[in-house]
Amino acid sequence: MSRVCFGFEVHQPFRLDHQFDPEAGRRNKNLREVYFTAKNRDLLERVVQKCYVPATEIVLENLDQGFCCSFSLSGTLIEQLEAWGKDALDLFQQVASHHNTELLAQTYYHSLASLFTEKGEFEEQIRQHMHLMQDTFGVTPRVFENTEFIFNTTVASVAKKLGFAGVYAEGVERVLGWRSPNYLYSCQGIKVLMRNYRLSDDIAFRFSNRQWEHYPLTADTFASWLAATPGDCIHLFMDYETFGEHHWHESGIMEFLRWLPHEIALKDTQCILPSQALEQDPRDELNIAETISWADQEKDASAWLGNCQQLAAFREVERAGRLVRDREVWRYLQASDHFHYMASKSGSCEEVHSYFRQEGPFKSFADYMRVLSDFEERSASLARMRGAVLGLRCLPPEKAFHFFSAYGYTGYSAYSLDDFAMQLEVVPKDSLQFHVERGDFVRWVADVIGDHHLAESLKKYHLPHELFDAVDKRRKYLWNRLK
Amino acid sequence: MESLKIAFFCWESLYSERVGGLASAATHLAETLARDHEVHFFTRGDHDRVIKDVNYHCCQPEGKNIVDYCRSMSMSMVERFRDYDIPRFDVLHFHDWHVVEALHLLRERPNVLSFHSTEFGRNGGNFGDWWEFREISTKEWYAGLIAQKILAVSHSLKNEIGWLYQIPQEKVEVIPNGAIPEEYRAHIDAGEVKHRYGIHPLTPLVFFCGRMVFQKGPDLVVDAIPAIIQKHWDVQFIFAGEGHMRRWLTDRSQSLPAQFLGWIPDSEYVRLLNASDIVVIPSRNEPFGLVLLEAWSAEKCVVAADVGGLAENIENFRDGVKVYPTPESVAWGITYVLNERSKISSLGKEGRKKIDRLFKWDSIAKNVVAAYRSVMA
């Protein structure tokens, strides 16, 4: 008898206001109003009406008839439901109290904190989410699902340290090798549930694809595939918005959801919960040093950290932790979604990215940096070491230093003093020479960063490593002042 | 792990006399080691300094010819070495034949010798009959004889020194060169760069960068162009680099879609590297092939000759396409990737992953330290 375990990731971010203007917003002290778009409410109301309410009603009916599934609800989603979607929240509460469901833990802010160098922030956000689940639903999750299935040995160790019984990961061939995802494994001493992405994607991506050979997919057919799949347990996991939002009602997805549990039961397949799947002994130990995830074809972190701009934004938001006071806004800015909008990929992955974002990748990056920079500037005015925070703050593209040579833009840009030091080490030497001769570094440091002390000392230096030393010394000094 | 006191002997570094690829390899290795160890770098130059925790000790040798010059350099290096030998150095790392006299004088101390190339290889895989060739080859043989452990940048170099100088295989360990991928991956608008060279933004660009000499095989690409444009009429070629073949090649490609830029600054190299679609490396002989790591760093698809270090490091059809060093084969390789455009980016991305996995200086320095410990034991 086959066993199948369903899981749904439910998340809505606080999207940024693309019209954000640092000057116009200067007087408004409510950062949430200034940085995040009012459209978040409309978007939430739309998804509540199209997906959360109708899908959850169907799920509730099915739960009564023996269907089992787990939910991973982000903290930012719960906040939005509390404000603008009480009906849906009620339904989720009914689901959570049902004995056939299980709630999973994730990071409160659906963030990329697991990829930070320091793991403290990641742990903190998981704890916050655990408290939220306890407060809102009276449940303590036992299984952990990291943002977008981002997983590596570090995530496994943190999950183990925090006492989880198991953790979800993507069943990627390159880490499984000859193994099947339909068995239980372990990593760093914690049990790992591997998602069967082929079967999951049949529902999540291919369901309404008219070019697909199995279109239209019926609950009956899909259940027969499950029944024919060998293994201890098939883990199907997808965005909850698959039902009604990614695939519209007209595609028949809701009927599929309604009848699937019934067909599964008919095919002699059992639905179980993640905790039940964890009762077995792991078949093998996996060593997953590289970061894997469920995103795109690459199934790694490249959906969020694939290009230079995504990496720059990510470095800056990590550093911001030591510059800003308002932890909550800082954490909203860590949501994986912001980085997803900045992706510049081609092919079918590009379609997924553009489906989710409102604007082009560069615009998303520029908007993000503008908000983060303004946020740090505002924090500076409240800080004791105002000068140090200002000297270390990040800058939007229009204020960043773009390295040129006589031929044109070299492809390197510095978005903060730290970044500048880093780029001085890798930018082609002739570009540095080009700017030294024109006095650009001195002008940028003095006029844009506003660090006249450093600008003075840069006047004395010409060689790349001397420039690096001067900048490096200064940035370390400023960080020390903040301690 | 306890920290070691390490002495480097190398005739060039990035901050003093810079001649070729050896400067960047030795400097980056020293800087990486200096994060955990005390590193003293004996080299040429006008004054001592500390850069990124590496202590550079300089000397100014003299000599009428390269052999005398290097002997004088070795002697001065050993003198300078003695000034810093309290407390005693744990291990001494020598680079190439230039410092053989220093190795001779300090041969009782735990030592490691790196071969980055051989005189035979630098001469295009040919023996020479002039006195410098014989003198330098003899020094390479002697250095290999007295060194306690030898590091070679590739298996083909290991084989080469094995048969050239009768160095036993078990004495030689292969540790490749590293790369700093950030130096070559730039966020540029490929269309803008192509436009500067009069190339349409959507036109595929094949890029060659290297010395215009027989060893590097630029002629193989020029001779491959007619066959390629029969299948893909719009492909463009850019050749960067100086050398005695440039003039001849420029004449030979009069009617072909090829541009010869000659020497270009690093920044333009990085721009072209990132703007191109295919990087071609048609070398006839290549002990390592640093340009491969640079192309991979920029996530570029490579079509490379199946020789030396290139053959060892490329996994065919996974992170690059290997061809024979003949015009027909080069044409086949370039046409093959152009036929399957989706391959172009996936081959490059796999290459970049390989860099992150195998060719970062951190992991290379670990292997070097393990080699140090084997001679200290």
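Start with the largest nonpolar core, which has 206 residues. By nonpolar core I mean a set of buried Ala, Val, Leu, Ile, Met, Phe, Trp, Tyr and Cys residues joined through C-beta atoms within 7 Å. Buried means 20 or more other C-beta atoms within 10 Å of a residue's own; exposed means 12 or fewer, partly exposed is in between, and C-beta atoms are placed from the backbone. A:V167, B:V280, B:V303 and B:I334 touch the most other members. Take B:V303. Leaving out residues up to four places away in sequence, B:V303 touches B:I278, B:V280, B:V321, B:V323, B:V330, B:G333, B:I334 and B:V337. Contact here means C-beta atoms, placed from the backbone, within 7 Å.

A word on provenance. This is a predicted model: local features need pLDDT of at least 70, side-chain atom pairs count only at pLDDT 80 or more, and totals for chains, interfaces and linings use all residues. Residues are numbered from 1 along each chain as its sequence is written, with chains lettered from A and ligands numbered from 1 in the order written.

Now chain A. Domain 1 covers 3-285 and domain 2 covers 400-483; the bounds come from an automatic or database domain assignment. Their centres, taken over C-alpha atoms, are 44 Å apart.

Next, helix α2 of chain A, residues 39-64. Helices are DSSP runs of H or I, at least four residues; strands are runs of E, at least two; both are numbered from the N terminus. α2(A) spans 36 Å from first C-alpha to last, close to the expected 38 Å. That expectation is 1.5 Å times one less than the number of residues. Where does α2(A) kink? The kink is centred on A:V48, at about 50°. The bend is the angle between axes fitted to the seven residues ending there and the seven starting there. A:V48 is also buried, as are A:V47 and A:C51. The cover over the buried residues of α2(A) includes β2, α3, α4, β3 and α10 of chain A. After the helix comes A:G66, with a positive phi near 105°.

Finally, β2(A). Five of its five residues are buried, so this strand is largely enclosed by the rest of the structure. A:C69, A:F71 and A:L73 point one way; A:S70 and A:S72 point the other. β2(A) runs parallel to β1(A), with five bridges. Pairing requires at least two DSSP bridges. A:F6 partners A:C69. β2(A) also pairs with β3(A), parallel, over three bridges. There, A:S70 stands opposite A:E102.

How values were computed: Two residues are in contact if their C-beta atoms, placed from the backbone, lie within 7 Å.
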